[in-house]
Amino acid sequence: MAEESDLEKTEAASARRLEQAREEGQVPRSREIGTFLVLMVGAAGFWLMGPWMVERVAGFFRRGLVLDHGLATEPTLMLVRLADISLDALLSFAPMFAALIVAALLSPFFLGSWNFSPKALQPDLSRLNLLKGLGRVLSWNGLVELVKAVVKSSLVGGVAVLVLWSESGQLLAMFAQSIEVSLASAGHLLSFSFLAIVSAMLLIVAVDVPFQIWQYHDKLKMTRQEVKKEGKELEGNPEVKSRIRQLQREAARKRMMSAVPAADVIVTNPSHFAVALAYKAGMRAPKLLAKGMGEVALKIRAIGVENAVPMVEAAPLARALYRHAELDEEIPAALYAAVAEVLAYVYQLSSWRAEGGVYPLPPQEIVVPAELVPEALHG
């Protein structure tokens with residue numbers, strides 16, 4: 001049962017899965033919203049610019065039907081006349097064409113954003129498979145599209161009948177009007193009817209858009225096994241990550257050990273902890289170069305002996321430095337005084353080695369704030 005549940009697509013698509021789908025050109029699409037926007041913009045354009053466009057078209061016809069003896073006998077002039085009229089017609093309809101193009105381009109933004117994918121342009125020979133094509137037609141999605149087409153036709157047809165029925169009086173009145181008035185009334189009625197019919201499609205869009213979004217995300221659902229596999233790919237295999245961390249620790253330890261010869265003093269406890277410190281000219285406070293416990297502490301001590309680095313046994317201070325100081329950083333201000341005693345001894349020892357005299361004694365009672373000693377923290 002567990003294996004079957006892992007193979008069922010029950011998990012929502014991850015961000016990576018959605019991004020991969022976008023790269024392949026798979027985004028939620030609704031043909032209904034595109035159709036609605038184009039038709040609505042067209043209806044609004046006719047409603048607002050209809051009279052002006054009708055007047056322009058009438059002017060084209062008047063200019064085109066005027067017979068001129070000079071034009072009729074000179075083909076080159078006829079072509080110029082045709083070009084002028086065609087250019088005027090194109091400029092007259094240009095605002096409408098531009099509005100329709102903008103509406104077609106903006107429709108994808110209502111479902112997310114405009115997406116261009118080169119992968120979607122690549123030829124897919126599987127689309128030529130008749131059996132797969134028949135399967136798509138007879139699938140659940142094909143049935144939904146059929147139902148949508150029937151509902152859309154019924155709704156639009158019903159609204160058209162209602163509009164024509166409500167405007168039947170105006171239709172009959174046009175027979176008693178003059179041609180100019182009748183044409184104006186017909187244009188107004190046509191624009192109003194078109195706008196009303198297109199507005200009815202808003203109901204279809206309101207149902208289709210959420211359905212397309214749900215269907216898109218449902219199609220991209222993942223199995224638990226796919227989620228686990230993707231997580232491993234993103235975060236890395238646990239064994240590989242463990243090995244990487246081990247190598248990083250080893251590299252950091254090597255860098256730390258290479259800094260021990262530059263230390264001014266090594267504070268020990270006496271063998272469980274070892275902390276290497278340096279205080280050079282220009283430093284604001286002593287800096288911790290290396291620290292360790294157990295085998296690492298013994299290694300630090302061994303490198304210190306090889307490079308003649310002074311060692312001072314101060315158990316509380318070694319533990320406090322190990323616990324509260326970080327590599328390549330200055331020691332805590334609360335330990336300044338204790339470390340100053342150690343460094344004073346180191347400088348006295350260096351002076352004795354260079355000049356001789358009385359051998360300096362290492363500090364015996366180094367005072368360390370109780371709250372910084374690990375035992376005190378745990379006690």
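A residue is called buried when its relative accessible area is under 20%, exposed when that area is over 50%, and partly exposed in between, with a 1.4 Å probe and only protein chains considered. By this criterion, 29% of the 379 residues of the chain are buried. The structure is a predicted model, in which local features need pLDDT of at least 70 and side-chain atom pairs count only at pLDDT 80 or more, whereas totals for chains, interfaces and linings use all residues. Residues are numbered from 1 along each chain as its sequence is written, and side-chain values use heavy atoms, with hydrogens and water left out.

The chain contains 16 helices and 6 strands; these are DSSP runs numbered from the N terminus, with helices (H or I) of at least four residues and strands (E) of at least two. Its accessible surface amounts to about 24900 Å², and 65% of this belongs to carbon and sulfur atoms; the areas come from the Shrake-Rupley method with a 1.4 Å probe. Where contacts (heavy atoms within 4.5 Å) link residues at least 6 apart in sequence, 73% of them join residues at least 24 apart.

An unreviewed UniProt entry lists residues 33–54, 89–111, 146–166 and 186–214 under "transmembrane region". Such annotations may be inferred rather than shown by experiment, and their positions are given in the numbering used here. In the model, residues 33–54 are 100% helix and 0% strand, with 29 Å between the end C-alpha atoms. Residues 146–166 are likewise 100% helix and 0% strand, and their end C-alpha atoms lie 30 Å apart.

Strand β3 (residues 265–268) runs antiparallel to its partner β4 (residues 273–278), the two being joined over 4 bridges. Within this pair, Val267 stands opposite Val275 in β4.

Side chains of opposite charge can pair when their charged atoms come close. The whole structure holds 3 salt bridges, each defined as a side-chain nitrogen of Lys or Arg within 4 Å of a carboxyl oxygen of Asp or Glu. Lys221 pairs with Asp218, their closest N and O atoms being 3.8 Å apart. Lys280 forms a salt bridge with Asp264 at 3.0 Å between the closest N and O atoms. Because Lys280 lies in the loop between β4 and β5 and Asp264 in the loop between α12 (238–259) and β3, this pair ties together parts that are 16 residues apart in sequence. Lys280 is partly exposed at 39% relative accessible area, whereas Asp264 is buried at 15%.

The side chains of Arg284 and Glu330 also meet in a salt bridge, at 2.8 Å from N to O. Arg284 lies in the loop between β4 and β5 and Glu330 in the loop between α14 and α15, so the pair ties together parts 46 residues apart in sequence. Arg284 is exposed, with 69% relative accessibility, while Glu330 is partly exposed at 31%.

Key:
Pairing = 2+ DSSP bridges.
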